[in-house]
Structure formats: C-alpha cells, structure tokens
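Here is a report on one protein chain. Take a look at the sequence and the model before reading on.

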Amino acid sequence: MKLVRHIANLGYGSRKDVQRLIRQKRVTDSAGRPLSDHELIAHDEIRIDGEPLDPPQGSVILLNKPVGYTCSAADQGHIVYDLLPDRFRHRKPTMSTVGRLDRDTSGLLLLTDDGTLLHKIISPKSHVPKVYEVTLARPLEGNEGDVFASGSLMLKSEKTPLLPAELEVTGEKSARLTLREGRYHQIRRMFAAVGNHVEALHRSKVGNLTLDGLEEGHWRLCDESDIEKLLPS
Ligand code: URA
C-alpha cells in the first residue's frame, strides 16, 4: 500500500487509479521491472510508463511568472498552477506559493510543500532580501531612497512602519528595490506614497537565487545549491 499512497499523494490519481496502473504493470523500477503494491523503493528509481516520478514531497520549484497570472488557486482566469503539470494541483501536501506576486508582477516565484522552509523564506525575521526591478510612470524625485530606507514609512491601514528598504536608481523612471518583508501590494503602495505610480514590476532575486536564464512561463526544480542561495547565512 505504501507505493500506492506515495504515488497517489504526488497527484497521479486516486489510490484506485494507482492500483490500476500497478495491475497494468505500468509502474516499474528503472530497469523496467514491474512493482507491486507493497514495494516501496527509492523515489528516484520509480517509473510510470518509463518516466521518472514528479519531484518528491519537500521539493521547491522555481517559476518565472509571466504578467497576467495570479497566485491564488481559487481565482478565475489564469493562475500560476496552469504553468505546472496538472498533477501538481492534486499533490498532498499542497504545493503553495512562497508569498505572492500580484497578477501584474512578473519574475521569480517559488512554490513548495515544505511549510518550515516556506515560513523561513517569507518571515521578516529571516531577513531574506527580495529584489524587484521597478518601472515608473514619472521620473524619480531623488528623495525616495531616503524615505524607503528610513524604517518609518507608514502605509495606509498598516499598524507598523515598513522595514528599511534599499533603492538603487537605474534610470530616470526605473529603480531596483530590495525588501525584506512582503506586505500587500507593498511596492505599488510605497511608490504611491511618494507620488509616483508603478507601471511594471519584476522580481529578479530572492536571497542570492536568480532566474538565471529560466524562460518566462517555465519552471524547474531547485537543488540543494539553490536552497543554499535562498537562505544565505
Ligand atoms: N510589491 C507589489 O506591489 N507587488 C508584488 O507583486 C510584489 C511586491
């Protein structure tokens, strides 16, 4: 039953569906030997129709999110789960996004079913920097960097001021902003607070992890070195 549960929890179907795959000898080891219900061999050795299984529980996925996709599974319209194999929606535990990017924000988005890691990355206590490339409607005034770095900027309906954020001006109407927290529409509200308007927003880095050539709309599994980059000590 262990093998059945393992495969069913990865979203390949109900236990009955997986039992059927086993009866049909479509679940094998890497040498093509059919596996039985009670066998549980190493995840990496299991094949279905000759294909390796999806990543095991405790995995982290890196996605280059395009504009126009929301992070909520409950939303109408395009959602980030549309960019992953359909099975991922049926995994137990669920693959959740690590924080959220707005529908109109593109770039580096992580998903994981590892709750402890998720919390470590999003908690302001962990100080994991998140870097955003911002395109603005109006030229920068020159004082924005000081306002954002002050640690005293209060956004409407917030109870505490924002943590200090670093602004690097990259053009007349563009900047790179580094945050160590993630509040609702934070960057859009920060620039609104200084009389500007965000036209485009792209997350380029979390910790020291970048998209590094991953094409828009594509995803890949993170390995150990990626996780080390995510949580630099
Ligand atoms: N700040 C925003 O305003 N939107 C995002 O998607 C991320 C940070």
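A search of the whole structure turns up 16 salt bridges. A salt bridge here is a side-chain nitrogen of Lys or Arg within 4 Å of a carboxyl oxygen of Asp or Glu. The model is predicted: local features need pLDDT of at least 70, side-chain atom pairs count only at pLDDT 80 or more, and totals for chains, interfaces and linings use all residues. Residues are numbered from 1 along each chain as its sequence is written, and side-chain values use heavy atoms, with hydrogens and water left out.

**The chain as a whole**

The chain has 6 helices and 12 strands. Helices (H or I, at least four residues) and strands (E, at least two) are DSSP runs, numbered from the N terminus. Along its principal axes, the C-alpha trace spans about 70 × 35 × 35 Å. The chain has 233 residues, and 42% of them count as buried. Buried means under 20% relative accessible area, exposed means over 50%, and partly exposed is in between (1.4 Å probe, protein chains only).

**Salt bridges**

| Pair | N to O distance | Relative accessible areas |
|---|---|---|
| Arg87 and Asp54 | 2.7 Å | Arg87 29%, Asp54 9% |
| Asp82 and Arg89 | 2.6 Å | Asp82 36%, Arg89 39% |
| Asp226 and Arg220 | 2.8 Å | Asp226 4%, Arg220 29% |

Take the salt bridge between Arg87 and Asp54. Arg87 lies in the loop between strand 4 (60-65) and strand 5 (96-97), and Asp54 in the loop between strand 3 and strand 4, so the pair ties together parts that are 33 residues apart in sequence. Arg87 is partly exposed, whereas Asp54 is buried.

In the pair of Asp82 and Arg89, Asp82 is partly exposed. Arg89 is partly exposed too.

Now turn to Asp226 and Arg220. Is Asp226 buried or exposed? Asp226 is buried, because its relative accessibility is 4%. Arg220 is partly exposed. Elsewhere, salt bridges that share partners join Glu158, Glu181, Arg183 and Arg189 into one network.

**A positive patch**

Which residues form a positive surface patch? They are Lys2, Arg5, Arg15 and Lys92. Patch residues have over 30% relative accessible area and no salt bridge; like charges are joined within 9 Å, and nonpolar side chains (Val, Leu, Ile, Met, Phe, Trp, Tyr) within 5 Å. Lys and Arg count as positive and Asp and Glu as negative, while His and the chain ends are not counted. The place of a charge is NZ of Lys, CZ of Arg, CG of Asp or CD of Glu. Areas come from the Shrake-Rupley method with a 1.4 Å probe, and for residues only the protein chains shown count as cover.

Lys2 lies in helix 1 (residues 2-12). Lys2 counts as exposed because its relative accessibility is 54%.

Strands of a sheet pair through backbone hydrogen bonds, either parallel or antiparallel. Two strands count as paired if DSSP finds at least two bridges between them.

Strand 2 (residues 47-48) is joined to strand 3 by 2 bridges. Within this pairing, Arg47 has Pro52 of strand 3 as its bridge partner.

**Strand 9 and its partners**

Strand 8 (residues 166-171) and strand 9 (residues 174-179) pair in the antiparallel sense over 5 bridges. A hairpin joins strand 8 to strand 9 through 2 residues. Val169 stands opposite Ala175 in strand 9.

Strand 7 (residues 130-136) also runs antiparallel to strand 9, with 6 bridges joining the two. Val134 stands opposite Ala175 as well.

Leu179 belongs to strand 9. Why does Leu179 count as buried? Its relative accessibility is 3%. Leu179 and Glu166 are 13 residues apart in sequence, and their C-alpha atoms are 7.0 Å apart in space.
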